[in-house]
Amino acid sequence: MAATSSRVRINPSILTADFANLEHELGRIATADLVHVDVMDNHFVPNLTFGPRMVESLQRVSTIPLDIHLMIDDPDHWAPGYAEAGAYSVTFHAEAVKDAVALARRLRDIGARAGIAVKPQTPIEPYLELLPDFDQVLVMTVEPGFGGQSFMEETMPKLAVLADAVAKSGLDIWLQVDGGINEHTIVTAAEAGANTFVAGSSVFNAGDPAAQIATLRAAAEAHAH
Ligand code: DX5
Ligand code: ZN
């Protein structure tokens with residue numbers, strides 16, 4: 001599967017895609033590793049996007065695995081449904097979850113990779129002891145809610161902490177960044193320790209999304225640890 005064949009992963013976010021033509025938009029990013037799907041509930045973040053039925057439909061037509069980013073309240077209740085819909089990866093927010101470990105174990109039991117996300121102001125240290133129950137950690141590099149914002153370089157120390165903890169643990173945990181990733185900021189994030197990169201506007205606003213994916217991949221591979 002594409003998701004596991006590369007040292008780095010490039011996951012375009014369909015938040016900036018044409019929502020009326022999503023199957024066509026998926027075709028434009030067929031060389032990506034996973035497709036990043038931003039689920040927003042207008043409570044955890046001030047924006048509203050997709051729910052489980054949309055994810056089921058995307059799952060049916062996508063040739064690449066789905067990387068679900070839940071920006072919702074009460075993920076303890078809602079997240080398993082996305083794993084049951086066939087998502088390859090389901091990431092929920094540390095700020096929203098009640099029992100992170102129980103939910104991660106439930107997601108893994110269903111067959112998905114389990115991810116935990118932190119907003120820019122949320123410290124990572126309290127979550128390091130939970131790493132064995134996770135397959136991915138998402139460090140938000142913008143405030144969640146909207147595409148097209150500027151990369152926040154001040155979040156990079158969290159990646160260094162995570163990269164060190166993951167290396168010491170020997171676990172296979174993907175370190176994901178999301179927000180403001182382009183051919184310049186991806187270098188900063190890769191050098192800081194990220195290996196999984198979400199890019200929305202820089203891919204979907206490019207004239208040739210496949211060429212932009214290749215550019216991002218080359219930049220990340222040249223600078224990843
Ligand atoms: C923001 C979303 C991101 C968004 C990134 O809350 O989680 O996935 O699509 O968009 P860009 O790459 O444009 O910052
Ligand atoms: Zn996202």
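Contact here means that heavy atoms lie within 4.5 Å. By this criterion, Met156, Leu159, Ala160 and Ala163 of helix α6 touch Thr188, Ala189 and Ala192 of helix α7. The model is predicted. Two packed helices are described by the angle between their axes and the distance between the axes.

**Helices α6 and α7**

- Helix α6 covers residues 156-169, and its axis comes within 8 Å of the axis of α7, with a crossing angle of roughly 35°.
- The contact of α6 with α7 comprises six nonpolar residues, one polar residue and no charged residue.

**Helices α7 and α9**

- Helix α7 spans residues 185-192 and helix α9 spans residues 209-223; their axes are 8 Å apart, at an angle of about 30°.
- Because angles under 35 degrees count as roughly parallel, α7 is described as roughly parallel to α9.
- The crossing of these two helices, α7 and α9, is right-handed.
- On the side of α7, the contact is formed by Ile186, Val187, Ala190 and Glu191, while α9 contributes Leu216, Ala219, Ala220 and His223.
- Sorted by class, the residues in the contact of α7 with α9 are six nonpolar, one polar and one charged.

**Helices α4 and α5**

- Helix α4 is made up of residues 75-84 and helix α5 of residues 100-110; their axes cross at roughly 15° and come within 9 Å.
- This angle makes α4 roughly parallel to α5.
- The crossing in which α4 passes α5 is right-handed.
- From α4, the residues Pro75, Asp76, Ala79, Pro80, Ala83 and Glu84 meet Leu103, Arg106, Leu107 and Ile110 from α5.
- The contact of α4 with α5 contains seven nonpolar residues, no polar residue and three charged residues.

**Surroundings of ligand 1**

- There are 20 residues around ligand 1, and those that come nearest are Ser13, Gly145, Asp178, Gly200 and Ser201.
- The side chain of Ser201 has an N or O atom 2.6 Å from an oxygen atom of ligand 1.
- For Asp178, an N or O atom of the side chain is 2.7 Å from an oxygen atom of ligand 1.
- His69 has a polar side-chain atom that lies 3.2 Å from an oxygen atom of ligand 1.

Methods
Residues numbered from 1 in each chain as written. Chains lettered and ligands numbered in written order. Predicted model: local features only at pLDDT ≥ 70, side-chain atom pairs only at ≥ 80, totals over all residues. Heavy atoms only, no water. Axes fitted to C-alpha atoms, helices over the stretch in contact; angles between N-to-C directions. Helix = DSSP H or I, 4+ residues; strand = E, 2+ residues; numbered from the N terminus. Parallel < 35°, antiparallel > 145°, perpendicular 65-115°, else oblique. Left-handed = near helix turned anticlockwise from the far one by under 90°. Nonpolar A, V, L, I, M, F, W, Y, C, P; charged D, E, K, R; others polar. Near = heavy atom within 4 Å. Polar contact = N/O pair within 3.5 Å; in protein donor to acceptor, adjacent residues only side chain to side chain.
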